[in-house]
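User: I would like to learn how to read a few features of a protein model. Please take me through them one at a time.

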Amino acid sequence: MLTTDNVAGCLVGVVALVVVIAATLAAQRVPAVVVAAPVAVLLVALGLTDLDAAVAEVVTMAPTIGFLAAMLVIAEVCAREGVFGWVGSVLAGWSRGSPHRLLRIVFVVAAMTTAILSLDTTIVLLTPVAVATARHIGARVTPVAFSSAHLANTASTLMPVSNLTNLLAFSATGLGFLGFTGLMAAPWVAGIVVEYLIFRWFFADALRETTPPDVPAPDTPDAPPRRPTLLLVALALLLVAFVVAEPFGVPLAVVAGVGAAIFALPGLIRSPLPALRDAAVAVNIPFLGFVATLGVVILPVRNGPLGDWISRLIPSSSTLLGILTVAVLAAVLANLVNNLPATLLLIPLVAHDPGLVLAMLLGVNIGPNLAYFGSLANLLWREIMHRDTMHRDTAAPTSREYLRLGALTVPVTLGAAVVALWAGLQLR
């Protein structure tokens, strides 16, 4: 009989997780949920996890998944109403033709976009705008393109809403929205500043080179698009709502859901069917289904010998060494099994200390900058860059480039963020 405690059951659980992770690599052709859902059902049928535990895991994750769906709709409305087209014109104007200045501005904009609208928004919507802006002013594309990829990970540590990993672990911290953001503010700033300094050094030659400017790209027209003031104000009010609603016990998912309805309302009034279609596409039900089933697939691994072994590596308290240990372990696991499974695996093991939960998030958020496989956002960025360069007959970023840059940035950036987190915890 298979159980999570015997060797055969442990192997089946690990193989099931590997199969599901491999499915993420083919997600552009076949949605990962097509593989993950049958695997989850099979694990329940084999007795490696019981149905009650699987249902409880999905129910626990439901508010997080609902919040993610709402934020995806909000990001889609922002894109459709020209927020990122306006951002592109601002990037071009503020850069004044300087590659150094453009890199600095992209760092700031990518950090803010990631923190407020999540890392996927930075990858999908900001990356093409930043790349088009670089070409428009005659700057090399590589520094700007890599900055959007790295900032999507590094800058996703700030708020509970910045990354799905944060949302999954938010309740385990025992902190409120402001408490979480306050403790993560110093690591966020430290990580971004260190990353920027390394980028300036690593891409020094590329930032000195210029190319013939492109004609204005669709996202960076000569006549700046109208500033979407109402949407920008609405985003600010949404962040305020997250902070204000929490003390009254209103879940973040409810606030985000109301926000998504308000953001989508003007489009629904103008043209109901196209707006509903756009919202349905933005929600990305296959991806949400994948996240839910992944929570079930990880159960046999988390409850088996592998989970027990990892738990013995977890320190008992959030000393500086303890925080560093958890952050490094989380970063390693993120690059071995992807950061979503790593988060789901580690949350119960670090939940006894809020500082260790936050350290784990630093590891699973910053660690993926080391390799493409570290996060789904990385894989999506690679796909976007391949499509962009294919249309222009230019070379796409290589895995070697990504690894070289990641090997330089991740240890230093993660170390700086860990020290900043430890310092913040001492001041509580």
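User: Leaving aside its neighbours within four places in sequence, which residues is Arg302 in contact with?

Analyst: One point before that: this is a predicted model. A contact is a matter of distance, with heavy atoms within 4.5 Å. Once neighbours within four places in sequence are set aside, Arg302 touches Glu57, Gly307, Leu344, Leu345 and Pro348. Arg302 itself lies in helix 15, residues 299-302.

User: Is Arg302 buried or exposed?

Analyst: A residue is called buried when its relative accessible area is under 20%. The value for Arg302 is 13%, so Arg302 counts as buried.

User: How do I read the angle at which helix 4 and helix 6 pack?

Analyst: Angles under 35 degrees count as roughly parallel and 65 to 115 as roughly perpendicular. Helix 4 (residues 83-95) and helix 6 (residues 119-137) pack at about 40°, and their axes are 9 Å apart. The two helices are therefore oblique to each other. The crossing of helix 4 past helix 6 is right-handed.

User: Which residues of helix 4 and helix 6 meet?

Analyst: From helix 4 come Phe84, Val87, Gly88, Leu91, Ala92 and Ser95; among their partners in helix 6 are Leu125, Leu126, Val129 and Ala130. Sorted by class, this contact has nine nonpolar, five polar and no charged residues.

User: What is the angle between helix 18 and helix 19?

Analyst: Here an angle over 145 degrees counts as roughly antiparallel. Helix 18 (residues 339-350) packs against helix 19 (residues 354-366) at about 165°, with the axes 10 Å apart. That angle makes helix 18 roughly antiparallel to helix 19. Helix 18 also passes helix 19 in a right-handed crossing. On the helix 18 side the contact is made by Asn339, Ala342, Thr343, Leu346, Ile347 and Val350, and on the helix 19 side by Leu356, Val357, Met360 and Val364. These residues divide into eight nonpolar, two polar and no charged.

User: What span should helix 17 have?

Analyst: The expected span is 1.5 Å times one less than the number of residues. Helix 17 (residues 320-337) has 18 residues, so helix 17 should span 26 Å; the end C-alpha atoms are 26 Å apart, which agrees.

User: Which residues of helix 17 are buried, and what follows the helix?

Analyst: The buried residues of helix 17 include Gly322, Ile323, Val326, Ala327, Leu329 and Ala330. Further along, Leu333, Asn335 and Val337 are also among them. After helix 17 comes Asn338, which has a positive phi, near 80°.

Technical notes
Residues numbered from 1 in each chain as written. Predicted model: local features only at pLDDT ≥ 70, side-chain atom pairs only at ≥ 80, totals over all residues. Heavy atoms only, no water. Axes fitted to C-alpha atoms, helices over the stretch in contact; angles between N-to-C directions. Helix = DSSP H or I, 4+ residues; strand = E, 2+ residues; numbered from the N terminus. Left-handed = near helix turned anticlockwise from the far one by under 90°. Nonpolar A, V, L, I, M, F, W, Y, C, P; charged D, E, K, R; others polar. Buried < 20%, exposed > 50% of the residue type's maximum accessible area, 1.4 Å probe, protein only.
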